Amino acid sequence: MGVKCGRPSLIKHVVSTQKMEFGGGVGDINGDGRPDIIRPNAWFEAPSDIRNGRWKEHPLSLGDKGGRIAHTPQILVYDVNGDGLNDIITSNAHGYGIFWYEQIRDGEKISWKQHTIDDTWTQAHSLALADLDGCSVPELITGKRFMAHNGSDPDEYGKLGLYYYKLIRKPDKTVEWQRHVISHDEGIGAGLEIWTGDLRGSGAIDIVVTGKFGGPVWFENKGK
(Lines give C-alpha, C1' and ligand atoms only; values in the text may rest on other atoms or scores of the structure.)
Protein backbone atom coordinates (compact mmCIF):
# COMPACT_ATOMS: atom_id res chain seq x y z
CA MET A 1 0.00 0.00 0.00
CA GLY A 2 1.20 3.47 -0.83
CA VAL A 3 1.59 6.26 1.64
CA LYS A 4 -1.38 8.61 1.65
CA CYS A 5 -0.20 12.20 1.39
CA GLY A 6 -2.25 15.16 2.51
CA ARG A 7 -2.13 18.78 1.51
CA PRO A 8 -0.21 20.80 4.11
CA SER A 9 -2.20 23.40 5.98
CA LEU A 10 -0.14 26.33 7.23
CA ILE A 11 -1.23 28.81 9.87
CA LYS A 12 0.50 32.18 10.15
CA HIS A 13 1.67 33.37 13.57
CA VAL A 14 3.05 36.93 13.65
CA VAL A 15 5.83 37.13 16.23
CA SER A 16 6.84 40.75 15.54
CA THR A 17 6.03 43.49 13.03
CA GLN A 18 9.13 45.57 13.75
CA LYS A 19 11.50 46.45 10.94
CA MET A 20 14.89 44.87 11.60
CA GLU A 21 18.16 44.12 9.83
CA PHE A 22 18.35 41.12 7.50
CA GLY A 23 19.33 37.80 9.05
CA GLY A 24 17.70 35.24 11.28
CA GLY A 25 17.93 31.98 13.14
CA VAL A 26 16.16 29.67 15.58
CA GLY A 27 17.54 27.96 18.68
CA ASP A 28 17.04 27.51 22.41
CA ILE A 29 18.71 30.56 23.94
CA ASN A 30 17.58 30.30 27.56
CA GLY A 31 17.65 26.52 27.96
CA ASP A 32 13.94 26.00 28.54
CA GLY A 33 13.66 23.45 25.73
CA ARG A 34 11.68 25.75 23.44
CA PRO A 35 12.92 27.24 20.14
CA ASP A 36 13.55 30.96 20.32
CA ILE A 37 13.72 33.20 17.24
CA ILE A 38 16.80 35.37 16.66
CA ARG A 39 17.25 38.49 14.57
CA PRO A 40 20.27 40.85 14.53
CA ASN A 41 18.31 43.38 16.61
CA ALA A 42 16.55 41.09 19.10
CA TRP A 43 15.77 37.57 20.17
CA PHE A 44 12.22 36.47 20.86
CA GLU A 45 11.68 34.12 23.78
CA ALA A 46 9.18 31.39 22.99
CA PRO A 47 6.22 31.22 25.38
CA SER A 48 5.07 27.94 26.94
CA ASP A 49 2.18 28.00 24.47
CA ILE A 50 3.97 28.95 21.26
CA ARG A 51 0.68 29.17 19.31
CA ASN A 52 -1.23 31.47 21.62
CA GLY A 53 1.30 32.93 24.03
CA ARG A 54 3.23 36.19 23.75
CA TRP A 55 6.79 36.03 22.46
CA LYS A 56 8.97 38.17 24.73
CA GLU A 57 11.42 40.43 22.94
CA HIS A 58 14.97 40.79 24.30
CA PRO A 59 17.49 43.32 22.91
CA LEU A 60 20.36 42.01 20.82
CA SER A 61 23.08 43.55 18.68
CA LEU A 62 24.68 41.25 16.11
CA GLY A 63 26.70 41.56 12.94
CA ASP A 64 29.36 44.23 13.26
CA LYS A 65 32.45 45.05 15.29
CA GLY A 66 32.06 46.85 18.57
CA GLY A 67 28.68 45.27 19.24
CA ARG A 68 26.96 47.15 16.46
CA ILE A 69 24.11 45.81 14.34
CA ALA A 70 24.57 44.83 10.71
CA HIS A 71 23.04 42.63 8.02
CA THR A 72 23.85 39.02 8.92
CA PRO A 73 23.40 35.72 7.10
CA GLN A 74 22.25 32.69 9.09
CA ILE A 75 22.33 33.12 12.87
CA LEU A 76 23.49 29.84 14.40
CA VAL A 77 22.86 28.73 17.99
CA TYR A 78 25.50 26.46 19.53
CA ASP A 79 27.34 26.04 22.85
CA VAL A 80 30.73 27.17 21.59
CA ASN A 81 32.79 26.95 24.79
CA GLY A 82 31.04 23.92 26.28
CA ASP A 83 29.84 25.68 29.42
CA GLY A 84 26.26 24.46 29.05
CA LEU A 85 24.90 27.77 27.72
CA ASN A 86 24.01 28.19 24.07
CA ASP A 87 25.96 30.91 22.27
CA ILE A 88 25.42 32.65 18.92
CA ILE A 89 27.54 32.48 15.74
CA THR A 90 27.05 34.85 12.82
CA SER A 91 28.89 37.31 10.57
CA ASN A 92 28.77 40.64 8.80
CA ALA A 93 27.26 39.59 5.47
CA HIS A 94 28.58 42.64 3.59
CA GLY A 95 31.63 43.67 5.57
CA TYR A 96 34.46 42.35 7.71
CA GLY A 97 33.92 40.00 10.59
CA ILE A 98 32.83 36.51 11.61
CA PHE A 99 31.84 36.48 15.27
CA TRP A 100 30.61 34.35 18.11
CA TYR A 101 28.67 35.83 20.98
CA GLU A 102 29.24 34.24 24.37
CA GLN A 103 26.17 33.95 26.55
CA ILE A 104 26.75 35.41 30.02
CA ARG A 105 24.36 34.66 32.87
CA ASP A 106 23.78 36.73 35.99
CA GLY A 107 20.90 34.96 37.68
CA GLU A 108 18.12 35.04 35.11
CA LYS A 109 19.69 37.97 33.22
CA ILE A 110 21.30 37.11 29.88
CA SER A 111 23.96 39.27 28.23
CA TRP A 112 26.40 38.70 25.38
CA LYS A 113 30.15 39.08 24.90
CA GLN A 114 31.34 39.43 21.30
CA HIS A 115 34.39 37.46 20.13
CA THR A 116 35.98 37.70 16.68
CA ILE A 117 36.58 34.46 14.80
CA ASP A 118 38.08 36.11 11.70
CA ASP A 119 38.02 39.66 10.33
CA THR A 120 40.55 39.40 7.51
CA TRP A 121 38.12 39.04 4.60
CA THR A 122 34.64 40.25 3.66
CA GLN A 123 31.19 39.09 2.64
CA ALA A 124 30.85 35.88 4.63
CA HIS A 125 27.23 35.70 3.51
CA SER A 126 26.51 32.08 4.41
CA LEU A 127 27.38 29.94 7.42
CA ALA A 128 26.98 26.26 8.26
CA LEU A 129 27.95 24.00 11.14
CA ALA A 130 28.88 20.40 10.32
CA ASP A 131 31.14 17.73 11.80
CA LEU A 132 33.64 17.33 8.98
CA ASP A 133 36.30 15.36 10.86
CA GLY A 134 34.08 13.06 12.93
CA CYS A 135 35.27 14.42 16.28
CA SER A 136 31.72 15.26 17.49
CA VAL A 137 32.40 19.02 17.55
CA PRO A 138 31.15 20.72 14.39
CA GLU A 139 33.31 22.89 12.18
CA LEU A 140 32.12 26.32 11.03
CA ILE A 141 32.01 26.51 7.22
CA THR A 142 31.80 29.78 5.34
CA GLY A 143 33.03 31.49 2.20
CA LYS A 144 33.32 34.82 0.43
CA ARG A 145 30.30 35.77 -1.63
CA PHE A 146 31.03 37.04 -5.13
CA MET A 147 29.83 40.61 -5.83
CA ALA A 148 27.17 40.61 -3.11
CA HIS A 149 26.32 44.28 -3.73
CA ASN A 150 27.64 44.40 -7.27
CA GLY A 151 30.79 46.34 -6.46
CA SER A 152 29.85 48.44 -3.44
CA ASP A 153 30.96 46.21 -0.54
CA PRO A 154 34.45 46.42 1.03
CA ASP A 155 36.99 44.30 -0.85
CA GLU A 156 34.29 43.37 -3.35
CA TYR A 157 36.92 42.29 -5.89
CA GLY A 158 39.04 40.32 -3.43
CA LYS A 159 39.99 36.70 -4.06
CA LEU A 160 37.21 34.21 -3.48
CA GLY A 161 37.60 31.45 -0.95
CA LEU A 162 35.85 28.73 1.01
CA TYR A 163 37.04 27.84 4.51
CA TYR A 164 36.26 25.83 7.58
CA TYR A 165 37.14 26.83 11.12
CA LYS A 166 37.97 24.09 13.60
CA LEU A 167 36.82 24.83 17.13
CA ILE A 168 39.41 24.09 19.83
CA ARG A 169 38.02 24.19 23.37
CA LYS A 170 40.48 24.87 26.18
CA PRO A 171 40.19 23.78 29.84
CA ASP A 172 39.58 27.38 31.00
CA LYS A 173 36.47 27.61 28.73
CA THR A 174 38.24 29.88 26.24
CA VAL A 175 38.32 28.75 22.64
CA GLU A 176 40.44 29.01 19.52
CA TRP A 177 39.21 28.83 15.93
CA GLN A 178 41.74 27.40 13.45
CA ARG A 179 41.09 28.34 9.83
CA HIS A 180 41.58 25.70 7.13
CA VAL A 181 41.40 26.45 3.43
CA ILE A 182 39.01 24.39 1.33
CA SER A 183 39.50 26.57 -1.77
CA HIS A 184 41.28 29.89 -2.29
CA ASP A 185 41.81 31.99 -5.41
CA GLU A 186 40.19 29.34 -7.63
CA GLY A 187 37.12 31.43 -8.44
CA ILE A 188 34.99 29.49 -5.93
CA GLY A 189 33.21 31.18 -3.06
CA ALA A 190 29.85 30.77 -1.38
CA GLY A 191 26.52 32.38 -2.07
CA LEU A 192 23.54 32.61 0.27
CA GLU A 193 23.64 29.03 1.54
CA ILE A 194 26.16 26.24 2.07
CA TRP A 195 24.82 22.69 1.89
CA THR A 196 26.43 19.93 3.93
CA GLY A 197 25.59 16.24 3.77
CA ASP A 198 26.82 12.76 2.94
CA LEU A 199 26.47 12.55 -0.84
CA ARG A 200 28.17 9.16 -1.22
CA GLY A 201 26.81 7.36 1.82
CA SER A 202 30.35 7.03 3.18
CA GLY A 203 29.67 8.50 6.61
CA ALA A 204 31.68 11.64 5.81
CA ILE A 205 30.07 15.05 5.41
CA ASP A 206 30.59 16.70 2.01
CA ILE A 207 30.10 20.35 1.07
CA VAL A 208 28.21 21.88 -1.88
CA VAL A 209 28.39 25.59 -2.74
CA THR A 210 27.06 27.81 -5.48
CA GLY A 211 26.44 31.51 -6.05
CA LYS A 212 27.01 34.37 -8.46
CA PHE A 213 30.45 32.91 -9.24
CA GLY A 214 28.78 29.86 -10.80
CA GLY A 215 28.54 26.30 -9.56
CA PRO A 216 27.35 24.10 -8.07
CA VAL A 217 30.70 22.82 -6.79
CA TRP A 218 30.89 19.61 -4.72
CA PHE A 219 33.75 19.16 -2.27
CA GLU A 220 34.06 15.47 -1.49
CA ASN A 221 35.20 14.70 2.04
CA LYS A 222 37.82 11.94 1.76
CA GLY A 223 38.20 11.62 5.52
CA LYS A 224 36.37 8.29 5.45
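Which residue's side chain does a polar contact of 2.8 Å join to the side chain of D118? In the predicted model examined here, the partner is T120. A second polar contact, of 3.2 Å, links the D118 side chain to that of R179. D118 belongs to strand β8, which spans residues 109-122. Its relative accessibility is 8%, and D118 is therefore classed as buried, the limit being under 20%. Leaving aside residues up to four places away in sequence, D118 is in contact with G97, I98, Y165 and R179.

Y165, one of the residues touched by D118, has its own set of contacts. With residues up to four places away in sequence again excluded, these comprise I98, I117, D118, W121, E139, L140, T142, W177, Q178 and R179.

In soluble globular proteins, nonpolar side chains tend to be buried together.

Strand β8 also takes part in an open sheet of four strands, arranged in the order β5-β6-β7-β8 with antiparallel pairing. The edges of the sheet are formed by β5 and β8; each has a single partner strand, so one side of each lacks a neighbour in the sheet. From one strand to the next, the twist averages 20°. At the β5 edge, three bridges connect β5 with β6 (residues 87-91), and these two strands run antiparallel. V77 has I88 of β6 as its bridge partner.

Cysteine residues were considered separately. No disulfides are found in a search of the whole structure. C5 has a relative accessible area of 69% and is therefore exposed, the threshold being over 50%. C135, at 48% relative accessibility, falls in the partly exposed class.

How values were computed. Residues numbered from 1 in each chain as written. Predicted model: local features only at pLDDT ≥ 70, side-chain atom pairs only at ≥ 80, totals over all residues. Heavy atoms only, no water. Buried < 20%, exposed > 50% of the residue type's maximum accessible area, 1.4 Å probe, protein only. Polar contact = N/O pair within 3.5 Å; in protein donor to acceptor, adjacent residues only side chain to side chain. Contact = heavy atoms within 4.5 Å. Pairing = 2+ DSSP bridges. Axes fitted to C-alpha atoms, helices over the stretch in contact; angles between N-to-C directions. Disulfide = S-S within 2.5 Å.
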